[in-house]
Amino acid sequence: MSIQVFGLPVSRGVAIGRAVLVASSRVDVAHYFIDPADAEREYERLRDARTEVSAELMALKQEVPEEAHAELVALLDVHLMMLQDPMLVESAQPWIATRHYNAEWALSAQLEVLTRQFDEMEDDYLRERKADVEQVGERLLKALTRGTGLSPGALANAGARDFAGEDPLVLVANDIAPADMLQFKRSVFTGFVTDVGGRTSHTAIVARSMDIPAVVGAREASRIVRQDDWVIIDGDAGILIVNPPPMVLEEYRFRQRQVELERARLSRLRHTLAVTLDGQTVELLANIELPRDAAAALEAGAVGVGLFRSEFLFMNRAGRLPDEDEQFEAYKAVVLAMGGMPVTIRTVDVGADKPLDRASSQEPRHDHMLNPALGLRAIRWSLSEPDMFSEQLRAILRASAFGPVRILIPMVAHLSEVHAVKQWMDRAREEVNARGQAIGEVTLGAMVEVPAAVLILPSLLRTFDFVSIGTNDLIQYTLAIDRADEAVAHLYDPWHPAVLRLIAQTIAQANAMGKGVSVCGEMAGDPAFTELLLAMGLRSFSMHPAQISSIKQRVLRADARTLQLVLPVVLDADSPQQVCEAAMRTSSKAAADRLASGPRTVLQ
């Protein structure tokens, strides 16, 4: 029976494939394909892991204290019995033999099948045994990891797959952490669905950066979908279709082909300069997460990096953070790869939905954080960790010797933070100079992400060389909406008049003071806002590389001077989206008429 599950569309396109269900605790299990000739060896790894875990459990039985003997021994006996049950290890063998999954992936897939069976049992006692199955499964997975030397984050080892004659795969999970999402860049999955999340959660942002279809906030998707079901992800409508009928399947395959043709057409623009019809040059920059992403930025035609999210260098490291030299090499690699084009490195922005593997030294003072989005995050975190902050600043300054670097400070809201940042910058510069290490061209900027930053912008611009508007957080803090919470996702509105007025005010004030201004949030990569941002006076957009061609197409078709005439009407409207769409249609027609009447000029 075909089922439709509705969620939030966060990354456009269509994905069709077999469902791979993964529990949240097992998202970072290694997922890769083996050579069919290695199937028996992979199955032997599973049997060896079972032998190892069996020995561990037997040893634990010998160490059980006398006063707790009966209960604990009985529990360990249950785990030993489950360990030997053919439904666990033996039933994982077909996943290896027929689907060519590695041992960890095969076991994870079989665990999902078993836990679903336990969920459907009517007997309460038997249903509660699901936890025992999961505990035994986790022990086996750990044994497999130890046996291969793979790290817990070994999903990164997943290589690209040649799908000739094979079924593509779609990941279905309750949730995926942002750090785990990064592993998808080299994984085998062509799309994903999660039960939770919002349009601008970091999970969704990474999905868009990878340009793969995704739906979040699909509620019960991971319970409704079964392992190996055929599914369709409609990333435009936010729909998951489970076991689609043949006619629907064929319709979506046709849509897939159309999307691929459109992407190929847009890719031809990658070496075209982004210049409006009236000759205004527009800077299209790339947002990246890791040094290897610089290649994608260049391939997409970016003229620099507008946002290097350095916090992803600090994630999935089991508490061992990168030192100064490791960071320096990472930043240097990006600067060299961009070949003289500017690279904007944001200092570590952790907290909220991007936690590190270890807590800040300040966090133990609190039993818990009631609202992480309002807690110790971004520049607040960095200033609470002066040793870590100093290391990062020194690493960035050293990397500037190899090309132009811009340092971007996230979530600035207080002038006291500005003064503290300047002091740490001066100290870091002195320390690098004292070592005799070179420092090149460096400018310092602030992210405008909270309304307070807009209200004190003239004061900020007296210290900073440029500002970059982070629209995702600016919307969140202006409208008091947790952008990762699907329960209030319908209230997250980038078209809200207050949001648009704050953005317009920031751009106007920065331009008036002769300071650089860009937008690096999701609005920069959304074609629906391109003309409006141009009308506000924005000439620097930073987005995921996959979005550059579509934004460039809108820039090439826009007339900035004509657009500026309709801006006051849009900003004064109660329903800016409707007014903007109508005004932009009129403006586009006028621009087209003007273009037809005379040659195009490029202003220097």
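A crossing of two helices is left-handed if the near helix is turned anticlockwise from the far one by less than a right angle, and right-handed if clockwise.

First, the ground rules. This is a predicted model: local features need pLDDT of at least 70, side-chain atom pairs count only at pLDDT 80 or more, and totals for chains, interfaces and linings use all residues. Residues are numbered from 1 along each chain as its sequence is written, and side-chain values use heavy atoms, with hydrogens and water left out.

Helices (H or I, at least four residues) and strands (E, at least two) are DSSP runs, numbered from the N terminus.

Now the helix pair. H12 covers residues 324–337, and H14 covers residues 386–399. Their axes come within 8 Å and cross at roughly 35°. Axes are lines fitted to C-alpha atoms, for helices over the stretch in contact; angles run from 0 to 180 degrees between N-to-C directions. The crossing of H12 and H14 is right-handed. Contact means heavy atoms within 4.5 Å. On the H12 side, the residues include Phe328, Tyr331 and Val335; on the H14 side, Ala395, Ile396 and Ala399 are among them.

Next, the sheet. It is open, with eight strands in the order E1-E8-E7-E3-E4-E5-E6-E2 and mixed pairing. Two strands pair if DSSP finds at least two bridges between them. E1 (3–6) and E2 (8–11) are the edge strands, each pairing on one side only. Twist averages 30° from one strand to the next.

Ser11 stands opposite Ala214 in E6.
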